[in-house]
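Subject: Structure handover

Hello,

Here is the structure for you to look over. My notes come after it.

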Amino acid sequence: MKKIEAIIKPFKLDEVKDGLAAIGIKGLTVSEIKGFGRQKGHTELYRGAEYEIDFLPKIKVEVAVSDENFEQVLHVIQDKAKTGKIGDGKIFVYELNKVLRIRTGEVDENAL
């Protein structure tokens, strides 16, 4: 089992969510976050004064998947989140040792 954590642009969330639903992913976690990568933020002009915006708004999507679905989920997230411009985001993959559904006590694959 794997946990996939994707940092994406906010306006791409619906496309990613719909793409994951289309391949049968039933649950995910979404967080509004701020950060920067290589683009290092940007400068904005407000009432004649320049402001440095260091942290840009991003969305973090987290999903736990079985090893069989792992590559397909990666492909969908990458395909749906890509704009081809700087700041598209990153995908991180973690190995899951154990998953437990609190309500039923189901474990591992059954808990996904």
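First, the ground rules. This is a predicted model, in which local features need pLDDT of at least 70 and side-chain atom pairs count only at pLDDT 80 or more, while totals for chains, interfaces and linings use all residues. Residues are numbered from 1 along each chain as its sequence is written, and side-chain values use heavy atoms, with hydrogens and water left out.

**Fold**

The chain has 2 helices and 6 strands. Both kinds of element are DSSP runs numbered from the N terminus: helices are H or I with at least four residues, strands are E with at least two. Read from the N terminus, the order is β-α-β-β-β-β-α-β. The radius of gyration is 17 Å, well over the 13 Å that the globule rule gives for 112 residues, so the chain is more spread out than a compact globule. (That radius is taken over C-alpha atoms; the rule is 2.2 Å times the number of residues to the power 0.38.) Along the principal axes, the C-alpha atoms fill a box of roughly 60 × 25 × 20 Å.

Of the 112 residues, 32% count as buried. Buried means under 20% relative accessible area, exposed means over 50%, and partly exposed lies in between, with a 1.4 Å probe and protein chains only. Now the contacts, meaning heavy atoms within 4.5 Å. Among those between residues at least 6 apart in sequence, 71% join residues at least 24 apart.

**Core**

The largest nonpolar core has 17 residues. Such a core is a set of buried Ala, Val, Leu, Ile, Met, Phe, Trp, Tyr and Cys residues joined through side-chain atoms within 4.5 Å. Those with the most contacts inside this core are Ile-4, Ile-8, Leu-20, Val-65, Val-73 and Ile-77. Strand 1 (2–8), helix 1 (13–22), strand 5 (56–65) and helix 2 (70–81) each give two or more residues to the core. Helix 2 supplies the largest share, 6 residues.

Ile-4 is worth a look. Not counting residues up to four places away in sequence, Ile-4 touches Val-61, Glu-62, Val-63, Val-65, Phe-70, Val-73, Leu-74, Ile-77, Ile-91 and Phe-92.

**Pocket**

The largest pocket has a volume of about 360 Å³. On a 1 Å grid over the protein atoms alone, a cavity is a set of points where a 1.4 Å probe fits but cannot get out, and a pocket is an open set with protein on both sides within 12 Å along at least five of seven lines; lining residues have an atom within 4 Å of a point. Points are joined across faces, edges and corners, and the volume is the space filled by probe spheres set on them.

Of the 16 lining residues, the closest to the centre are Gly-27, Val-63, Ala-64, Val-65 and Leu-112. Strand 5 gives the largest share of the lining, 4 residues. By class, the lining has 8 nonpolar, 5 polar and 3 charged residues. Here Ala, Val, Leu, Ile, Met, Phe, Trp, Tyr, Cys and Pro count as nonpolar, Asp, Glu, Lys and Arg as charged, and the others, Gly among them, as polar.

**Single residues**

- Glu-62 is in strand 5. At 16% relative accessibility, Glu-62 counts as buried. Beyond its neighbours within four places in sequence, Glu-62 is in contact with Lys-3, Ile-4, Glu-5, Leu-28, Thr-29 and Ser-31.
- Asp-108 lies in the segment after strand 6 (90–95). Phi of Asp-108 is near 55°, a positive value in a residue other than glycine. Most residues other than glycine have a negative phi. Asp-108 is partly exposed, at 25% relative accessible area. Leaving out residues up to four places away in sequence, Asp-108 touches Met-1, Asn-97, Lys-98 and Val-99.
- Ile-23 is in the loop between helix 1 and strand 2 (29–35). Ile-23 is partly exposed, with a relative accessible area of 26%. Leaving aside neighbours within four places in sequence, Ile-23 contacts Gln-72, Val-73 and Val-76.
- His-75 sits in helix 2. His-75 counts as exposed, at 52% relative accessibility.

Best wishes
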